[in-house]
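Dear colleague,

Please find below the structure I am handing over to you. My findings follow it.

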Amino acid sequence: MNSNYLKDIKIWVSLIISAVATSLMTMMYWLPMIQQQKYIGISRPAKVILYDWALDMGNLINRSFNNNYLLPNLGIMVIMVILLGIIKFNELKNIDKIIMVQSLIFLWLCTKYFPWQLLQETFFNYIQFPWRFIIVVTLFTSILGAKWISKLNSKYIFILIVAICISHYAFVLGLPEKNALKINSDQSIENICKEYTNQDYYPKAATNNSKSIENKEFIFNSKNVSIANLKIKATEYSFTVLNNNTHKVTVDVPILYYLGIKADSNNKLISTNVSKRGTVSIDVEKGKSKITVYSEYTRLAKLAQKISLISSILILIIGIVNFYRKRYIRLE
């Protein structure tokens, strides 16, 4: 963002260290995703019109002052920091000016004033919703706000805390009571899921069969059938199968197939395959079988989790040590 820093080798070293540290701490998210994509074809997030999802500046400011949680907005505190930063811009330190300019640039990216039409057919359409840049605006303005607050007298900080509490209390009072659905049980969550369709990151084979999958249709040897004792939990899917044939029967279960999917029959582990519609396919022995299909993290995913955890702990320790070391040097 600042060409003056390009010649500073320390900046580049810090950037590389930050990139490596961030990659290690977030490995638990991106490495399993890469593993899944290498194993099965996965559909990309829905492609939307970027300009249509960019925000009108007037509406954005109005929602922010109203603390409207239903629609994307910055919130009162962020708006106050931006206004104060613009008014006091000439009095800011150079680094704070850079942060302020970056905040305004990303705020511009959230709005229809940015020419999103020119980027519609580029890889930027993966962003989907330009208002997602609000999180970056919030980050930068929080840095500025924290700097300014640290210089305030304690009584003004108390007044600020009271003002924030009042603001949030008003926000709570404004929450709608009518037509509100409480997500406090598996049943209410299931009702919401039935009305909501999202094929982001679906196996590509499943995108053309989403209706039958969402309707929980089982397929026995290419025939749709009903299932007895179907029980659905967050990470477990159990049902009973009565196979009257003298041989094994292939059952296509309406669960999307990803790495880590496992199944057992009468408490014995059985093999799983991917069906033509991108779902779990299993072979059921003759007679009555109680089937349970569930998911587990892959070995690579578990390794990534450990690396992320260890990296986070080490970086936290390094941060604490450096903090107290600098503090000790200042005291000397």
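Strand β5 (residues 249-256) is largely enclosed by the rest of the structure, because seven of its eight residues are buried (under 20% relative accessible area, with exposed over 50% and partly exposed in between; 1.4 Å probe, protein chains only). Strands here are DSSP runs of E with at least two residues, and helices are runs of H or I with at least four, numbered from the N terminus.

The model is predicted: local features need pLDDT of at least 70 and side-chain atom pairs pLDDT 80 or more, while totals for chains, interfaces and linings use all residues. Residues are numbered from 1 along each chain as its sequence is written, and side-chain values use heavy atoms, without hydrogens and water.

β5 pairs (at least two DSSP bridges) with strand β9 (residues 279-284) in the antiparallel sense over six bridges; Val251 has Ile282 as its bridge partner in β9. Strand β1 (residues 218-220) is also antiparallel to β5, joined by two bridges, and Ile219 is partnered there with Asp252.

**Arg63**

Arg63, in helix α4 (residues 57-66), is buried yet has no salt bridge (a side-chain nitrogen of Lys or Arg within 4 Å of a carboxyl oxygen of Asp or Glu). The nearest side chain of opposite charge (Lys and Arg count as positive, Asp and Glu as negative; His and the chain ends are not counted) is Asp56, 7.6 Å away.

**Ile11**

Ile11 belongs to helix α1 and is partly exposed, with a relative accessible area of 35%.

Kind regards
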